[in-house]
Amino acid sequence: MKVLVVDDQRLIREGIASLLDIQDGVEVVATAVNGRDAIEKTLALEPDVVLMDVRMPEMDGVEAVALLRQKSPDTKVVMLTTFDDEEYVVQALRAGAAGYLLKDLPSHELAAAVKLAHAGVAQFDPAALARLTTALARPAVPEDLDLTSREIDVLRLVAAGATNREIAGRLYLSVGTVKNHVSRILNRLDLRDRTQAAIYARDHGLL
């Protein structure tokens, strides 16, 4: 089974490649430094599985997955990242990823996950699966709502009466980041304050 490892950090990229290359039945045919590089090497080398980081310069992993599904539909792409953020998990799966794993996996478990992905069995880290389950359990968001999924999370918590500090704790964000999200939400939706935001969320079925 041929594998391509994609990560913008050289030490991590080469470390993962070395760990996989000694596993039975796995051959790392190349490494790539970003999504654009991954697409070029996938088309040239035709790996069975691509292990793709999420956040990379030039072209991130989510965009690369979507393009690879068009250009090389038989190649399975599994996200391998340090980020278990719900937005990344949902975006990657919508783009066509065959799984979402975190980099703290032992090497033998990573090799087993790669083999299962090649066999058509989607692989998810438990934390990523929990994020996905949370996302699926939420009410549908109106299509015309011009907010990111993270901003919608913040809006829901604002509407529930949570303070910025409480929101930061729930979403693993800094208080400053939460303040920025709240400001953008109010500006985008042309709302005056948090009370109007709560009313808006209720009226649009976000609670």
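Tutor: Let us begin with D53. Setting aside residues within four places in sequence, D53 is in contact with V6, D7, D8, G61, M79, L80, T81 and K103. Please keep in mind that this is a predicted model.

Student: Is D53 buried or exposed?

Tutor: D53 is buried, because its relative accessible area is 4% and buried means under 20%.

Student: What feature does UniProt place at D53?

Tutor: The UniProt entry, which is unreviewed, gives "modified residue: 4-aspartylphosphate" at D53.

Student: You listed T81 among the contacts. Which strand holds T81?

Tutor: T81 belongs to strand β4, which covers residues 76-81. The side chains of T81 and D53 make a polar contact at 3.4 Å.

Student: And what else does T81 touch?

Tutor: Not counting residues up to four places away in sequence, T81 touches V54, Y100, L101, L102 and K103 as well as D53.

Student: Changing topic, which residues of helix α4 are buried?

Tutor: In α4, residues 86-95, the buried ones are E86, V89, V90, A92 and A95.

Student: What follows α4?

Tutor: The residue after α4 is G96, and its phi is positive, near 115°.

Student: Another glycine, then: where is G15 found?

Tutor: G15 is in helix α1, residues 10-21. With a relative accessible area of 28%, G15 is partly exposed. Between the C-alpha atoms of G15 and V5 the distance is 10.0 Å, and the two are 10 residues apart in sequence.

Student: Which residues does UniProt assign to a domain?

Tutor: The unreviewed entry places "domain: Response regulatory" at residues 2-118. Over that range the chain is 48% helix and 21% strand, with the end C-alpha atoms 10 Å apart.

Student: Could we look at L173 too? In which loop is L173 found?

Tutor: L173 is in the loop that runs between α8 (164-171) and α9 (175-188). L173 counts as partly exposed, at 22% relative accessibility. Leaving aside neighbours within four places in sequence, L173 is in contact with R150, A168, V178 and H181.

Student: Now the whole chain. How many helices and strands are there?

Tutor: The chain has 10 helices and 6 strands. The C-alpha trace spans about 60 × 30 × 30 Å along its principal axes. Of the 207 residues, 43% are buried.

Student: What share of contacts joins residues at least 24 apart in sequence?

Tutor: That share is 61%, taken among contacts between residues at least 6 apart in sequence.

Student: And what about the surface and the charges?

Tutor: The accessible surface of the chain is about 10700 Å², and carbon and sulfur atoms account for 50% of that surface. The chain carries 24 positive and 31 negative side chains, and the centres of these two sets are 5 Å apart.

How values were computed
Residues are numbered from 1 along each chain as its sequence is written. This is a predicted model: local features need pLDDT of at least 70, side-chain atom pairs count only at pLDDT 80 or more; totals for chains, interfaces and linings use all residues. Side-chain values use heavy atoms; hydrogens and water are left out. UniProt positions are given in the numbering used here, feature names are shortened, and annotations may be inferred rather than shown by experiment. Buried means under 20% relative accessible area, exposed over 50%, partly exposed in between (1.4 Å probe, protein chains only). Contact means heavy atoms within 4.5 Å. Helices (H or I, at least four residues) and strands (E, at least two) are DSSP runs, numbered from the N terminus. A polar contact is a pair of N or O atoms within 3.5 Å; within protein, one must be able to donate a hydrogen and the other to accept it, and residues adjacent in sequence count only if both atoms are side-chain atoms. Accessible areas come from the Shrake-Rupley method with a 1.4 Å probe; for residues, only the protein chains shown count as cover. Lys and Arg count as positive and Asp and Glu as negative; His and the chain ends are not counted. The place of a charge is taken as NZ of Lys, CZ of Arg, CG of Asp or CD of Glu.
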